[in-house]
Amino acid sequence: MTAAPQLAADGRLRHLLTLDGLPSALIENLLDDAARLREQWHTQRALPQHLAGRTVVNLFFEASTRTRTSFDLAARRLGALVVNFDIASSSTSKGETTEDTLATLEAMDADAFVVRHKENGTPAQLAAHARQAAILNAGDGNRAHPTQGLLDLLTIRDRKGRVDGLNVVICGDIRHSRVARSDVHGLHALGAGSVALCGPASMLPAREEFPGCRISDDFDAALTDADVVIMLRIQRERISDLPDLDVDSYHARYGLSMQRLARARRDALVMHPGPINRGVEIASAVADGAQSAILDQVANGVFVRMAALTRLLAR
Ligand code: CP
């Protein structure tokens with residue numbers, strides 16, 4: 001997927017589908033907007049109603065806690081009407097296509113659709129069909145999760161003061177991870193010093209998919225000099241032939257324990273997009289420890305989604 005369909009001819013954001021190819025200035029602007037909205041919320045508990053009169057539809061074909069709830073809160077706190085479309089009880093079960101569902105809801109004057117789908121490319125396809133509405137990708141297959149990438153960048157920038165020059169390690173099921181892809185696109189756009197991808201060989205991606213990254217199955221070695229460690233869960237829902245996982249051996253080699261974290265820089269930041277599997281990819285002592293930014297990521301998700309919705313919908 002190229003970035004072209006998400007930018008209008010004048011360079012404005014028309015949809016938010018991927019961080020791949022998104023100009024770094026636009027990424028920085030979105031992070032700055034999110035930080036400003038966060039400051040307003042924390043000091044006044046009130047926000048400008050940028051989205052008054054707008055309707056946002058959450059169209060989630062896959063399960064979600066963080067992304068769905070934070071888009072919902074973001075839109076409502078900025079004054080939008082929000083429809084949490086219930087796929088299970090909708091006419092999707094009678095065979096209506098996703099494109100026809102989009103056209104139907106657009107005819108009711110929906111202004112934006114927040115789309116999560118297991119198939120790569122579904123949000124981009126809907127963007128190609130949309131007449132007026134903006135499409136925001138809330139995660140498609142293993143391809144992209146742009147707002148997760150943005151909230152991860154904001155969290156790193158908050159805690160480290162910059163992204164530029166940092167050494168970042170991402171460990172886990174990289175092959176099936178849309179978060180890894182969006183994080184890497186964002187980290188490269190903002191000038192991260194190095195990005196290392198780690199995991200068992202069966203969960204590593206093809207090298208050509210991640211130009212500019214180091215790829216290795218040796219997590220211990222990769223942790224040396226890490227400023228940021230991003231842990232990922234195993235995406236069981238995207239692996240059809242996953243043999244029974246030996247959780248203890250996985251944790252022994254790829255789990256982030258306090259002992260293993262000591263290999264990274266003393267002030268290394270620990271992140272995880274969630275949901276976390278305690279005792280598998282991350283020990284509870286690390287997830288709940290002083291270096292963990294996991295709940296900061298969640299909190300930042302609301303403000304990053306406010307920034308994206310405002311840029312796409314504010315009149
Ligand atoms: N990080 C993330 O996308 O979490 P959810 O699946 O709960 O939305």
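**Notes on the predicted model**

1. The lining of the largest pocket draws at least two residues from each of α2 and α6. The model is a predicted one, and the points below should be read with that in mind.

2. The space in this largest pocket comes to about 320 Å³. Its lining is made up of 21 residues, and those closest to the pocket centre are R116, R178, R233, G274 and P275. Sorted by class, the lining holds nine polar, seven charged and five nonpolar residues.

3. Two of the residues closest to the centre of the largest pocket, G274 and P275, are joined by a cis peptide bond, with omega near -5°. Most peptide bonds are trans, so this one deserves a look in the display. P275 sits in the loop that runs between β9 (269-271) and α10 (284-287).

4. Most residues other than glycine have a negative phi. R45 is found in the loop between α1 (24-44) and β1 (55-60).

5. Helix α2 (residues 66-77), which contributes to the lining of the largest pocket, also packs on helix α11 (residues 294-313): their axes come within 8 Å and cross at roughly 55°. At that angle α2 is oblique to α11, and the crossing is right-handed. On the α2 side the contact is formed by R66, T67, S70, F71, L73, A74, A75 and R77, and on the α11 side by V298, G301, V302, R305, M306 and L309. Eight of the residues in this contact of α2 with α11 are nonpolar, three are polar and three are charged.

6. Helix α6 (residues 178-189) has a partner in helix α5 (residues 146-160); the axes are 8 Å apart and the packing angle is about 55°. α5 and α6 are therefore oblique to each other, and α5 passes α6 in a right-handed crossing. From α5, the residues P146, Q148, G149, D152, L153 and I156 meet V179, S182, D183, G186 and L187 of α6. This contact of α5 with α6 divides into five nonpolar, four polar and two charged residues.

7. α5 also packs against α1, here at an angle of about 70° and with the axes 10 Å apart. α1 and α5 are therefore roughly perpendicular to each other, since angles of 65 to 115 degrees fall in that class. I27, E28, L30, L31, D32, A34, A35 and R38 of α1 meet L150, L153, L154, R157 and D158 of α5. The contact of α1 with α5 has eight nonpolar and five charged residues, and no polar ones.

Key
Residues are numbered from 1 along each chain as its sequence is written. This is a predicted model: local features need pLDDT of at least 70, side-chain atom pairs count only at pLDDT 80 or more; totals for chains, interfaces and linings use all residues. Side-chain values use heavy atoms; hydrogens and water are left out. Axes are lines fitted to C-alpha atoms, for helices over the stretch in contact, and angles run from 0 to 180 degrees between N-to-C directions. Helices (H or I, at least four residues) and strands (E, at least two) are DSSP runs, numbered from the N terminus. Angles under 35 degrees count as roughly parallel, over 145 as roughly antiparallel, 65 to 115 as roughly perpendicular and the rest as oblique. A crossing is left-handed if the near helix is turned anticlockwise from the far one by less than a right angle, and right-handed if clockwise. Contact means heavy atoms within 4.5 Å. Ala, Val, Leu, Ile, Met, Phe, Trp, Tyr, Cys and Pro count as nonpolar, Asp, Glu, Lys and Arg as charged, and the others, Gly among them, as polar. On a 1 Å grid over the protein atoms alone, a cavity is a set of points where a 1.4 Å probe fits but cannot get out, and a pocket is an open set with protein on both sides within 12 Å along at least five of seven lines; lining residues have an atom within 4 Å of a point. Grid points are joined across faces, edges and corners, and a volume is the space filled by probe spheres set on the points.
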